[in-house]
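Dear colleague,

Please find below the sequence and structure that I am handing over to you. My findings follow directly after them.

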Amino acid sequence: MEGSLVWDPETQNHIVSASVLGIFLTQTPGGRLSETLGGRQVLVFSLVIASLCNLLSPIATDWGPYVLLAIQFIKGLAQGLTIPAVSILMAKWFPTPEKGVLSSITMSGFPGGAVLGGLLIGTLCNCEFLGGWPLVFYSFGLMGLFLSFFVYLYGFNSPDDDCCISESEYKYIMSNLDSLDTDMKYKTPWIAIATSISTWAAVIGMFGQYWITYFYLSVQPNFLGNALHFSHME
């Protein structure tokens, strides 16, 4: 695939893999941080750092591929905090009778956004404004900052923190939540978790989801461009 940045395929693969590695490393710590600091705070932090990394990525290409690799790794570390933070917020906000539907809608945003973003990226790359491809990073970076500002202003860790919630809605949510006694301290049963069939079922399912999503985001565009010689718009 022709472009203004002539980097060998191995370097390109390392840059793409850096963000995935970062996401993998912060999944478990992200859950503990969200429980301790609050899902809203961790989510806002994740969105801000990832968005700033997007805004810095076009500039980083002038400093060389390994600077861009480092920024993509940091972005991955930040993005890895997102799903744990959202999971904590869902546990404290979604009533049990509606949790399955609401959780499915919420988590479908990740693959859905990947598909819609993939359709938009080709159009942005073919724009002459700001050089085309940098516009992708600037656009998504600004959208991320706007979203983080929105979550900071209107997001709350739990119904107890929301001063604008109606009394009827508050009572409905609180009466239909699973027990979340965060004041009690429990010893995490790591061995039981690691040997649980349910854990491995979730791991395999999430592995399949991430595999398909990142194949669509990274491997497929390279194959279509380098092997089949499709343009960005095609």
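The model is predicted, so confidence comes first: the mean pLDDT of the chain is 83, and 86% of its residues reach 70 or more. By element, the lowest confidence in the chain belongs to helix α11 (residues 197-227), with a mean of 75, whereas helix α3 (residues 39-60) has the highest, at 94.

With regard to the fold, the chain contains eleven helices and zero strands. Its pattern along the sequence is accordingly written α-α-α-α-α-α-α-α-α-α-α. Among contacts in the chain with a separation of 6 or more, 76% are between residues 24 or more positions apart.

Of the 234 residues of the chain, 31% count as buried.

One residue was examined individually. Gln72 is located in helix α4 (residues 65-79). Is its side of the account buried or exposed? Gln72 has a relative accessible area of 8%, and it is therefore classed as buried, the cut-off being under 20%. Leaving aside residues up to four places away in sequence, Gln72 touches Ile15, Ala18, Ser19, Ser57 and Phe137.

With kind regards

Terms used. Residues are numbered from 1 along each chain as its sequence is written. This is a predicted model: local features need pLDDT of at least 70, side-chain atom pairs count only at pLDDT 80 or more; totals for chains, interfaces and linings use all residues. Side-chain values use heavy atoms; hydrogens and water are left out. Helices (H or I, at least four residues) and strands (E, at least two) are DSSP runs, numbered from the N terminus. Buried means under 20% relative accessible area, exposed over 50%, partly exposed in between (1.4 Å probe, protein chains only). Contact means heavy atoms within 4.5 Å. pLDDT is the predictor's confidence in each residue, from 0 to 100.
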